[in-house]
Amino acid sequence: MKSKALFNWSSGKDSSLALYKILGENRYEVTALLTSINKEFQRISMHGVHTSLLEQQASRIGIPLIKMELPKEPSMEEYQEIMNRTMSEIKSQGVTYSIFGDIFLEDLRKYREEQLNTIGMEAVFPLWKQNTSDLIHEFLALGFKTIVTCVNGAYLDKSFAGRIIDHDFIKDLPENVDPCGENGEFHTFTFDGPIFRNPVAFEIGETVKKTYPKPKALPEDPEEEYIFWFCDLISK
């Protein structure tokens with residue numbers, strides 16, 4: 001009998017490839033996709049994608065969606081409280097595994113495992129420690145299609161936002177940028193591929209610059225900030 005599992009769904013390429021591999025194993029029954037949402041703006045945290053497109057994704061994949069709504073700027077305590085409450089409720093339904101698309105961030109994996117251990121659940125990482133260049137080429141070879149919705153200005157300029165990831169995109173990446181954006185260099189929205197019954201329909205909107213204060217900015221440099229470029233996707 002398959003073990004019941006929750007899939008932590010970001011809407012992007014790593015989640016899509018990890019879900020593809022998990023479904024192919026036929027070991028887990030994926031009962032739901034869990035996505036963190038900014039409650040005020042109704043957009044996926046960091047990816048900036050509106051929930052209307054997220055809902056289209058889940059519908060085309062054919063797995064129920066759970067939206068975990070978070071405050072605009074939650075503290076770590078608020079985040080953990082909401083997460084623990086959500087995961088405890090999911091576990092009460094017989095779900096014992098939680099699946100992630102993380103690849104090599106050790107601290108993040110440790111955090112996830114520790115949090116799940118407190119409620120008696122186990123983390124699963126189907127892409128763990130795989131070569132990210134191999135993964136992105138496998139992703140494309142499988143027929144997945146994904147668009148860049150957010151770029152970190154410290155690594156990439158505005159022109160990368162709104163681009164479809166293909167072999168030219170990979171070639172254009174600077175040497176210090178991971179091919180899968182595993183260090184947060186960019187985020188994506190996957191709209192077609194082998195896990196979808198049919199493509200998600202959308203139009204490309206405007207690209208917007210957003211800035212965020214650096215938490216440890218020096219007193220003599222109060223204007224120091226993070227810059228991100230978000231490409232808006234409009235549901236059709």
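This is a predicted model: local features need pLDDT of at least 70, side-chain atom pairs count only at pLDDT 80 or more; totals for chains, interfaces and linings use all residues.
Local features need pLDDT of at least 70 and side-chain atom pairs count only at pLDDT 80 or more, while totals for chains, interfaces and linings use all residues. Residues are numbered from 1 along each chain as its sequence is written, and side-chain values use heavy atoms, with hydrogens and water left out.

**Residue A123**
- A123 belongs to strand β6, residues 122-124 (strands are DSSP runs of E, at least two residues; helices are runs of H or I, at least four; both are numbered from the N terminus).
- With a relative accessible area of 13%, A123 is buried (under 20% relative accessible area; exposed is over 50% and partly exposed in between, with a 1.4 Å probe and protein chains only).
- Not counting residues up to four places away in sequence, A123 touches S98, F100, E113 and L116 (contact means heavy atoms within 4.5 Å).

**Residue T132**
- T132 lies in helix α5, residues 132-141, and is buried at a relative accessible area of 10%.
- The side chains of T132 and D178 form a polar contact of 2.8 Å (a pair of N or O atoms within 3.5 Å; within protein, one must be able to donate a hydrogen and the other to accept it, and residues adjacent in sequence count only if both atoms are side-chain atoms).

**Helices α3 and α4**
- In α3, the residues M76, Y79, Q80, N84 and M87 meet Y111, Q115 and L116 of α4.
- This contact comprises five nonpolar, three polar and no charged residues (Ala, Val, Leu, Ile, Met, Phe, Trp, Tyr, Cys and Pro count as nonpolar, Asp, Glu, Lys and Arg as charged, and the others, Gly among them, as polar).
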